[in-house]
Amino acid sequence: MSLEKEMKKVAAALTGQETDGLPDNLEAICSFIAENYEGGQGGTEFVQVTAPADLSAAPTQDDFNGLIAKLKETKIFK
(Lines give C-alpha, C1' and ligand atoms only; values in the text may rest on other atoms or scores of the structure.)
Protein backbone atom coordinates (compact mmCIF):
# COMPACT_ATOMS: atom_id res chain seq x y z
CA MET A 1 0.00 0.00 0.00
CA SER A 2 1.35 3.43 -0.88
CA LEU A 3 2.10 6.18 1.60
CA GLU A 4 -0.29 8.47 -0.28
CA LYS A 5 -3.17 6.01 0.22
CA GLU A 6 -2.41 5.77 3.93
CA MET A 7 -2.22 9.56 4.30
CA LYS A 8 -5.55 9.90 2.47
CA LYS A 9 -7.05 7.61 5.14
CA VAL A 10 -5.57 9.84 7.86
CA ALA A 11 -6.94 12.96 6.15
CA ALA A 12 -10.37 11.37 5.81
CA ALA A 13 -10.41 10.39 9.47
CA LEU A 14 -9.35 13.86 10.61
CA THR A 15 -11.71 15.83 8.39
CA GLY A 16 -14.70 13.54 7.87
CA GLN A 17 -14.23 13.62 4.08
CA GLU A 18 -14.35 10.63 1.75
CA THR A 19 -10.94 9.53 0.44
CA ASP A 20 -12.16 9.72 -3.18
CA GLY A 21 -12.40 13.52 -3.02
CA LEU A 22 -8.98 14.07 -1.44
CA PRO A 23 -5.79 15.13 -3.26
CA ASP A 24 -3.39 12.45 -4.47
CA ASN A 25 0.09 13.73 -3.60
CA LEU A 26 1.55 13.98 -0.11
CA GLU A 27 2.08 17.75 -0.07
CA ALA A 28 -1.50 18.40 -1.16
CA ILE A 29 -2.86 15.87 1.35
CA CYS A 30 -0.94 17.52 4.21
CA SER A 31 -2.11 20.96 3.08
CA PHE A 32 -5.68 19.66 2.93
CA ILE A 33 -5.42 18.41 6.51
CA ALA A 34 -3.92 21.70 7.71
CA GLU A 35 -6.69 23.69 6.02
CA ASN A 36 -9.63 21.45 6.95
CA TYR A 37 -8.94 19.93 10.35
CA GLU A 38 -10.92 21.80 12.98
CA GLY A 39 -9.27 20.36 16.05
CA GLY A 40 -11.22 18.43 18.53
CA GLN A 41 -9.69 16.77 21.51
CA GLY A 42 -7.45 19.18 23.35
CA GLY A 43 -7.68 21.98 20.78
CA THR A 44 -4.77 20.65 18.71
CA GLU A 45 -3.75 23.10 16.00
CA PHE A 46 -1.64 22.21 12.98
CA VAL A 47 1.23 24.26 11.64
CA GLN A 48 1.60 24.19 7.86
CA VAL A 49 5.14 23.33 6.75
CA THR A 50 6.81 22.81 3.38
CA ALA A 51 6.53 19.21 2.24
CA PRO A 52 9.53 17.18 1.13
CA ALA A 53 10.21 17.25 -2.63
CA ASP A 54 8.46 14.74 -4.87
CA LEU A 55 10.54 11.62 -5.46
CA SER A 56 11.30 10.05 -8.83
CA ALA A 57 12.24 6.69 -7.31
CA ALA A 58 11.36 4.56 -4.31
CA PRO A 59 11.80 6.50 -1.07
CA THR A 60 14.89 5.88 1.00
CA GLN A 61 14.91 5.52 4.76
CA ASP A 62 16.06 9.16 4.99
CA ASP A 63 13.18 10.27 2.76
CA PHE A 64 10.68 8.41 4.93
CA ASN A 65 12.20 9.71 8.16
CA GLY A 66 12.09 13.24 6.73
CA LEU A 67 8.37 12.85 6.05
CA ILE A 68 7.77 11.56 9.57
CA ALA A 69 9.69 14.57 10.95
CA LYS A 70 7.46 16.93 8.90
CA LEU A 71 4.32 15.21 10.21
CA LYS A 72 5.60 15.59 13.76
CA GLU A 73 6.39 19.26 13.08
CA THR A 74 2.80 19.83 11.93
CA LYS A 75 1.58 17.98 15.02
CA ILE A 76 -0.18 15.31 12.95
CA PHE A 77 2.12 12.78 14.66
CA LYS A 78 3.44 13.00 18.22
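Mentor: Let us start with the elements: helices (H or I, at least four residues) and strands (E, at least two) are DSSP runs, numbered from the N terminus. With that in mind, Thr 74 lies in the segment after α3. Please note that this is a predicted model, in which local features need pLDDT of at least 70, side-chain atom pairs count only at pLDDT 80 or more, and totals for chains, interfaces and linings use all residues. Residues are numbered from 1 along each chain as its sequence is written, and side-chain values use heavy atoms, with hydrogens and water left out.

Trainee: How many helices and strands are there in the protein chain?

Mentor: The protein chain has three helices and zero strands. Read from the N terminus, the order of elements is α-α-α.

Trainee: How is the length of a helix such as α3 judged?

Mentor: The expected span of a helix is 1.5 Å times one less than its number of residues. Helix α3 has 13 residues and reaches 18 Å from its first C-alpha to its last, close to the expected 18 Å. After α3 comes Lys 75, whose phi is positive, near 70°.

Trainee: Is Thr 74 buried or exposed?

Mentor: Buried means under 20% relative accessible area, exposed over 50%, and partly exposed in between (1.4 Å probe, protein chains only). Thr 74 has a relative accessible area of 8%, so Thr 74 is buried. Thr 74 and Ala 34 are 40 residues apart in sequence, yet their C-alpha atoms are 8.2 Å apart in space. In the protein chain, buried residues make up 23% of the 78 residues.

Trainee: Which residues does Val 49 touch?

Mentor: Contact means heavy atoms within 4.5 Å. Leaving aside residues up to four places away in sequence, Val 49 touches Lys 70, Glu 73 and Thr 74. Val 49 is found in the loop between α2 and α3, and is partly exposed, with a relative accessible area of 24%.

Trainee: Where is Lys 8 found, and is Lys 8 buried or exposed?

Mentor: Lys 8 is found in helix α1. With a relative accessible area of 13%, Lys 8 is buried. Residues up to four places away in sequence not being counted, Lys 8 touches Thr 19, Leu 22, Pro 23, Asp 24 and Ile 29.

Trainee: Which residues of α2 are buried?

Mentor: An α-helix has 3.6 residues a turn, so residues three or four places apart point the same way. In α2, the buried residues are Leu 26, Ile 29, Cys 30, Ser 31, Phe 32 and Ile 33. What covers these residues includes α1 and α3.

Trainee: Finally, which residues lie nearest the centre of the largest pocket?

Mentor: On a 1 Å grid over the protein atoms alone, a pocket is an open set of points where a 1.4 Å probe fits, with protein on both sides within 12 Å along at least five of seven lines; lining residues have an atom within 4 Å of a point. Of the 14 residues that line the largest pocket, Leu 3, Glu 4, Leu 26, Ala 53 and Leu 55 lie nearest its centre. The elements giving two or more residues to this lining are α1 (3–15), α2 (26–36) and α3 (61–73). The largest share, three residues, comes from α3.
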